[in-house]
Amino acid sequence: MTEAMTDGRTTLAAGDGRAGLLGPYGSRLLHGWYATGGPADLDEHLGRYGPPPLPRTADAAERLIRAVEDAGLTGRGGAAFPTGRKLRTVAAGRGTAVVVANGMESEPASRKDETLLDLAPHLVLDGAALAAAAVGADVAHLCLPRTRQDQADALREAVGERRRVGTDPFPVQVHELPHHYVSSEETSLVRWLNGGDARPLATPPRPFEKGVGRRPTLIDNVETLAHLALIARYGPGWFRGAGRPDAAGTTLVTLSGALRTPGVYEVPMGRPLGEVLDVAGGAAEPLAAVLLGGFFGSWLPVGQALHVPFAKQDLASLGAGPGAGVIVALPARACGLAEAARILGYLAAQSAQQCGPCRLGLPAVAADFADLAWGDPTPELMRRLEGRTGLLAGRGACRHPDGASRFAATALRVFADDVRHHLSAGPCAAAGHEPLLPVPDTPVPADREWR
């Protein structure tokens, strides 16, 4: 993670504060780390930014929401939904609102949220406070996985310090949830905060309509909230000083795989993927493909991937998206089918087991993929696999089978040469190599704890 961020060239911009906070790669969220080499405590945070400019009136709240809209900030948790639109919808809801900061980061290939909460926790807490003031909330919840106990303790200490200083006018509660792949889905958070299991709920209603305590609920990724905290201080024009008009600002990315210096970095939106990989030192060896968006993402052949801008609009034309900023560089020496099979096995084991596509369809697709990677595949297996993959999407209570279906379909397309080799000559030698992608070793059993 942070070991890759060792440049040290960043300094706080001079002047009135609106000029930048720009590091060697346009960093904003992480500029404090670049400047000092360590995480910011509350005194350092307040010395750098001052207290969060909380809106005290309805007019001020409206101006903050409009500033976020004008900035073009979109969610950094995966869906890239316009943040200003979400704020406005919750603010217009009936009843006192609730804010939920999502720091679950259940994607195994991602470390950006964990890194941000380690290095700039008060920027995230500022964003939660500002969002709460904008939508009229009286409480904010920060959700983390139980596997990050030290971080949860540190954040509780940070919240307590802010309470003693009087930074936040309402309570912020830190929660530790079961750490499963689907537990970071927004309805899973609502269900757990309402006393149920950390498993997705069927919608409608959506959380912005009836969420925690059946109140209008704003759920935002922690990175999104940190960006909001900077927009509130420096304005939408400053935010748009990085990125493109249709893909504004910077974003945190987790770069891994066959790169010289894997890690978490902050980059302007809209940069070609090849330039994004260069931030991590570029490829350490020849590449075959790039995985965008993590285990819910899409594979792209390396020749196509390096030139496409890292922006939702450009990637959508290729059936991909930025997701939660996960980019994995797969080396040419790897077997893409074996890597994909391991991930699909993990996704099948991590489902909520609530709907047919996850209880039956996804395990069947994972088993077929395993046969394709390591067994004795036949053309009939391929016909069955392609048919089953096409039946997964759009049939579950949540988007878990949709993401798995997209991942599987793009793997079959991008690794078509491997498919032909496995069908004609059996598994390649690389299929038996150690995994290269960060698939957790032991999938959690179906009777796992959800509460």
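A residue is taken as buried when its relative accessible area is under 20%, as exposed when that area is over 50%, and as partly exposed in between. The structure described here is a predicted model, and the classes of accessibility are applied to it throughout.

Under this scheme Glu-62, with a relative accessible area of 26%, is partly exposed, and Arg-88, at 30%, likewise counts as partly exposed. The side chains of Arg-88 and Glu-62 meet in a salt bridge, with a distance from N to O of 3.0 Å. Because Arg-88 belongs to helix H4 (residues 83-91) and Glu-62 to helix H3 (residues 58-71), the pair ties together parts that are 26 residues apart in sequence. The count of salt bridges in the model comes to 26.

Another of these pairs is formed by Arg-233 and Asp-126, whose closest N and O atoms are 2.7 Å apart. Arg-233 and Asp-126 are both buried. A further salt bridge joins the side chains of Arg-156 and Asp-153, at 3.8 Å from N to O. Arg-156 and Asp-153 are three residues apart in helix H7 (residues 149-165), and are therefore separated by about one helical turn. Arg-156 has a relative accessible area of 35% and is partly exposed, and Asp-153, with a value of 39%, is also partly exposed. Through salt bridges that share partners, Glu-62, Arg-66, Glu-69 and Arg-88 are joined into one network.

The packing of helices was examined for one pair. Two packed helices are described by the angle between their axes and by the distance between those axes. For helix H14 (residues 356-374) and helix H15 (residues 379-392), the angle is about 145 degrees and the axes are 10 Å apart, and H14 passes H15 in a left-handed crossing. On the side of H14, the contact is made by Pro-357, Gly-361, Leu-362, Ala-364, Val-365, Asp-368, Phe-369, Asp-371 and Leu-372, which meet Leu-381, Met-382, Arg-384, Leu-385, Arg-388, Thr-389 and Leu-392 in H15. The residues of this contact divide into ten nonpolar, two polar and four charged.

Asp-402 is placed in helix H16 (residues 400-414). With a relative accessibility of 12%, Asp-402 falls under the 20% limit and so counts as buried. When residues up to four places away in sequence are not counted, Asp-402 touches Ala-393 and Gly-394.

The cysteines were considered next. The count of disulfides comes to zero. Cys-355 is accordingly in no disulfide, and the nearest cysteine sulfur, that of Cys-358, is 6.5 Å away. The sulfur of Cys-398 also has that of Cys-358 as its closest cysteine sulfur, and the separation of 5.7 Å is too far for a bond, given that a disulfide requires sulfur atoms within 2.5 Å. Cys-355 is buried, with a relative accessible area of 17%, and Cys-398 counts as buried at 13%.

Gly-38 is located in the loop between helix H1 (31-36) and helix H2 (42-49), where its relative accessibility of 17% makes it buried. Gly-38 touches Gly-32 and Trp-33, residues up to four places away in sequence not being counted. Between Gly-38 and Asp-118, which are 80 residues apart in sequence, the distance from C-alpha to C-alpha is 9.3 Å.

Most residues other than glycine have a negative phi, and most peptide bonds are trans. In contrast, the peptide bond from Thr-203 to Pro-204 is cis, with omega near 0 degrees, and a cis peptide bond also joins Pro-204 and Pro-205, with omega about 0 degrees. Pro-204 is found in the loop between helix H8 (186-193) and strand E4 (217-221), and Pro-205 is likewise found in the loop between H8 and E4. Arg-214 is also in the loop between H8 and E4, and its phi is positive, near 60 degrees. Ala-80, in the loop between H3 and H4, has a positive phi near 60 degrees as well. Ala-80 is buried, with a relative accessible area of 14%, whereas Arg-214, at 59%, counts as exposed.

Key:
Residues are numbered from 1 along each chain as its sequence is written. This is a predicted model: local features need pLDDT of at least 70, side-chain atom pairs count only at pLDDT 80 or more; totals for chains, interfaces and linings use all residues. Side-chain values use heavy atoms; hydrogens and water are left out. Axes are lines fitted to C-alpha atoms, for helices over the stretch in contact, and angles run from 0 to 180 degrees between N-to-C directions. Helices (H or I, at least four residues) and strands (E, at least two) are DSSP runs, numbered from the N terminus. A crossing is left-handed if the near helix is turned anticlockwise from the far one by less than a right angle, and right-handed if clockwise. Contact means heavy atoms within 4.5 Å. Ala, Val, Leu, Ile, Met, Phe, Trp, Tyr, Cys and Pro count as nonpolar, Asp, Glu, Lys and Arg as charged, and the others, Gly among them, as polar. Buried means under 20% relative accessible area, exposed over 50%, partly exposed in between (1.4 Å probe, protein chains only). A salt bridge is a side-chain nitrogen of Lys or Arg within 4 Å of a carboxyl oxygen of Asp or Glu.
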